[in-house]
Each structure stands twice: as C-alpha cells, then as structure tokens.
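Follow how it packs, then step back to the whole chain.

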Amino acid sequence: MNWTESSAAARLKVALGALFALLLLGGGSVLNGQDLGIPDTCKYVPATSYWNIVGDSDSLFSVALWGYTDAANIIGATIGFKMKTSTGQGHGHDDSLIVVDTFFFFSPDTDSILFKIYTRSLLDESYDPAAIDWGYNGYAIGLLGAGEPVIPPNTAIRIGDVRLKIRDMDQLPDSFDIEIDSSWFPPAGPFKFSPSGLAGFPPKFTKATIIVKKLICGDVTNDAFTDIDDIVFLITFIFAGGPGPSPYEVGDVNCSGFVDIDDVVYVIQYVFAAGPPPCDGC
Ligand SMILES: [Ca+2]
Ligand SMILES: [Ca+2]
Ligand SMILES: [Ca+2]
C-alpha cells in the first residue's frame, strides 16, 4: 500500500466516524418536514429507463442520482436505497443476477467535502464485510461536509451514478423490472438531509424503474428465433421504409454501427449457409 492509499484509508476512517457520529446525534428519527421554501429533492433520472441487453457489451447500465436543496446549510445526508426486481421479491435472489457495481460522484467542490460517500452494496465485499447485513438488498450513500454544505444551495447537482452490472447473463430472465427506491438502511437509518442542528428531514424522492429486456441479436421480429422472417423484416426496413429494428443494434448483426444490406447478407449466410451467428464479432 502506498502513501496515497494509506492516507485515503485514514481519511476514510475519520470520515466514517464523523458520519456515524452525525447520524447518531441526529437522534435516529426524521423529525422535521420540508422547509417552507422550494421542496428539496432527490431523484433518479430518468425515472423510467430501458436496459436492452443483446450481448455482454450491454452488461452495464447506469442511472443518475440528482439532488437539489434551497437551504444553505445541508451539512450531511443519509440516503439509502433498496433494489427490487420483479422476479426476485426484493431479496437475495436478485443478487445472483444484478449487482450494484460502482457509484461515481460528481461534485463541483470536492475539496470542501471531508467525506463524500460510502457504499454498502451487498456484493461489494471490499467494504466492511463484517458489518454487512446480507439480507438487505441495497446500498447507502453518506454525505458529510467539512464546514461547507454538501449540496450547494439552489444548484441541482448530479450526486452520482449508480452502475448496475449483470452477474450471470445465462440466468437472466428474458424480461423483468428493477426498482430503486429510497429506504431506511442499516446502520445509517432513515433517508434524510441533515441541516445544521443535526435534525433531519426526508427530501422529496423520485425512484428509478429500469425495464430490462434480453434480446437476441438478429431477431428483429422478436420471436426468439433468427430466421427468414428476420431477413424479410430487414429488407422491408432497408428498401421499403418498413419499421426498423428495436432496439436498433439487434439488426446490426455485423456490428458496423448501422443497419444496411450487409446485415441482410450476414443473416442470409447465417440462416442458409451456416455462417457465423449474428453479433459474433461484436
Ligand atoms: Ca427547501
Ligand atoms: Ca425472429
Ligand atoms: Ca451493420
């Protein structure tokens, strides 16, 4: 471990201690409602998105988290999230399919914030595995300022992106939804912004719904087979103004970046002449 890493680790320990102290002093309850000004918000953007998976190159997906406050004194925030899938009842089953991979932060003022984040993905064993509640399918973010507000007032900031990753492509259902909703999170507690005085209030929140669909490259008719119907579909699209592949990349079987006659030839060779499978070279 080099000096930089040691320093970062030490800083992390101090910051974690300070964060938990803040949370404990906060009384563990959300006492105050929103202030009388503009409602503070925390939202995923877009609220609904579509994760079309054709191959391994689509195994990552990001959703942005934005925050806004008109208060000048938000010195801390505890924002916990729970992930649920429509196939997994919100528990361990989900983790075999989807993991929370990385959280990236964007801040206009990195130097003034002592500690910006901790993550508690159940599958991120690099962080404090002894403290992880393995029955909880979620993650939490802690924001703590060092004398400066963690969220600059009257400025919408992109707090970060949560990146999801497919863990087991073979086991992935053909279609399902993922919901990312705010949640109480151990040990951080309730979802809240903390102004000075250490009380907390929950910001308005907009959850994220991600509609996941597993698609077969070349199957532009979406019937689970790549055959002559798909050849006809592509020809009709290219030469007769018919509807295009949805998503577009399903029709780009030779991975050229666009759909044209070369893709038709490719599918014909696959279907009738034992050519390579669609997207084989992507
Ligand atoms: Ca407000
Ligand atoms: Ca088809
Ligand atoms: Ca192409």
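What covers the buried residues of α2 includes α3 (261-273). Contact here means two C-beta atoms, placed from the backbone, within 7 Å. Helices are DSSP runs of H or I of at least four residues, strands runs of E of at least two, both numbered from the N terminus. This is a predicted model: local features need pLDDT of at least 70, side-chain atom pairs count only at pLDDT 80 or more, and totals for chains, interfaces and linings use all residues. Residues are numbered from 1 along each chain as its sequence is written, while chains are lettered from A and ligands numbered from 1 in the order in which they are written.

Which residues of α2 are buried? They are D230, I231, F233 and L234. Seen down the axis, the buried residues of α2 fall within an arc of 160°, so they line one face of the helix. The arc is taken over the directions from the helix axis to the C-beta atoms. A residue is buried if 20 or more other C-beta atoms lie within 10 Å of its own, exposed if 12 or fewer, and partly exposed in between. The face turned away from the buried side of α2 carries exposed I228, F239 and A240.

Just after α2, G241 takes a positive phi of about 70°.

Now the whole chain. It has three helices and 11 strands. From the N terminus, the elements run α-β-β-β-β-β-β-β-β-β-β-β-α-α. Of its 282 residues, 33% count as buried. Among contacts between residues at least 6 apart in sequence, 75% join residues at least 24 apart.
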